[in-house]
Amino acid sequence: HDHQHAEAVVSTQSTGEQLMCIKALNEWDLKGGNSEWRQKLDTQRGDILTTEMKNNKCKLAKWTVSSIIAGADLLKFGYITRSMPRSSGESIGHSILSTQQFIPKQFAAQISLDMNNAWGILRVIVAGSTR
């Protein structure tokens, strides 16, 4: 259940308090425990994010719009993978492999998200529901 709010406050001497939205990118592993992200995240993070943008554009756009509406200063993604599965096939949990943060409006530009279009869609939905 998503709410339009920031999940954290980050405070540094140079920037003061900043609101942050935190989201998890979960690795989809068809091979059963052979995490590709573990091998590639340090050297090919851009490729992994590009693949996530291609495969989950709607989800990333929703998170980005949500963080902009919430007034968040930062949007942080955690790269999450399943821990090695037990012999029974059950996963024993998840591991955060890495994180990456963006300024929401800059990330919106990076994924070609037009906020005017997003607001336009909302206007159409509201106008249709008030008839």
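Colleague: Let's start at Val-126: what does 44% relative accessibility make of this residue?
Modeller: Keep in mind that this is a predicted model. Buried would need under 20% relative accessible area and exposed over 50%. Val-126 comes out at 44%, so this residue counts as partly exposed.

Colleague: And which helix gives the most to the nonpolar patch?
Modeller: The patch covers about 350 Å² of surface and is made by Ile-69, Trp-119, Leu-122 and Val-126. Val-126 sits in helix 5. With three residues in the patch, the top contributor is helix 5 (residues 115-129).

Colleague: Is the pairing of strand 3 and strand 4 parallel or antiparallel?
Modeller: In general, strands of a sheet pair through backbone hydrogen bonds, in either sense. On one side, strand 3 (residues 74-82) pairs with strand 2 (residues 16-26) over seven bridges in the parallel sense; there, Lys-23 stands opposite Phe-77, and Cys-21 has Leu-75 as its bridge partner. Towards strand 4, Tyr-79 faces Ser-98. That pairing runs over eight bridges, and its sense is antiparallel.

Colleague: How many residues of strand 3 are buried?
Modeller: To count as buried, a residue needs under 20% relative accessible area. Strand 3 is mostly covered, and of its nine residues the buried ones number seven.

Colleague: Is Leu-60 buried or exposed?
Modeller: Leu-60 belongs to helix 3 (residues 57-69). Leaving out residues up to four places away in sequence, Leu-60 touches Leu-25, Glu-52, Met-53, Phe-77 and Ile-111. Its relative accessible area is 1%, so Leu-60 is buried.

Colleague: Last one: what separates the C-alpha atoms of Leu-60 and Leu-25?
Modeller: Leu-25 is one of the residues that Leu-60 touches. Along the chain the two are 35 residues apart, while the separation of their C-alpha atoms is 9.3 Å.

Definitions and conventions: Residues are numbered from 1 along each chain as its sequence is written. This is a predicted model: local features need pLDDT of at least 70, side-chain atom pairs count only at pLDDT 80 or more; totals for chains, interfaces and linings use all residues. Side-chain values use heavy atoms; hydrogens and water are left out. Patches are made of residues with over 30% relative accessible area and no salt bridge: like charges are joined within 9 Å, nonpolar side chains (Val, Leu, Ile, Met, Phe, Trp, Tyr) within 5 Å. Accessible areas come from the Shrake-Rupley method with a 1.4 Å probe; for residues, only the protein chains shown count as cover. A salt bridge is a side-chain nitrogen of Lys or Arg within 4 Å of a carboxyl oxygen of Asp or Glu. Helices (H or I, at least four residues) and strands (E, at least two) are DSSP runs, numbered from the N terminus. Buried means under 20% relative accessible area, exposed over 50%, partly exposed in between (1.4 Å probe, protein chains only). Two strands pair if DSSP finds at least two bridges between them. Contact means heavy atoms within 4.5 Å.
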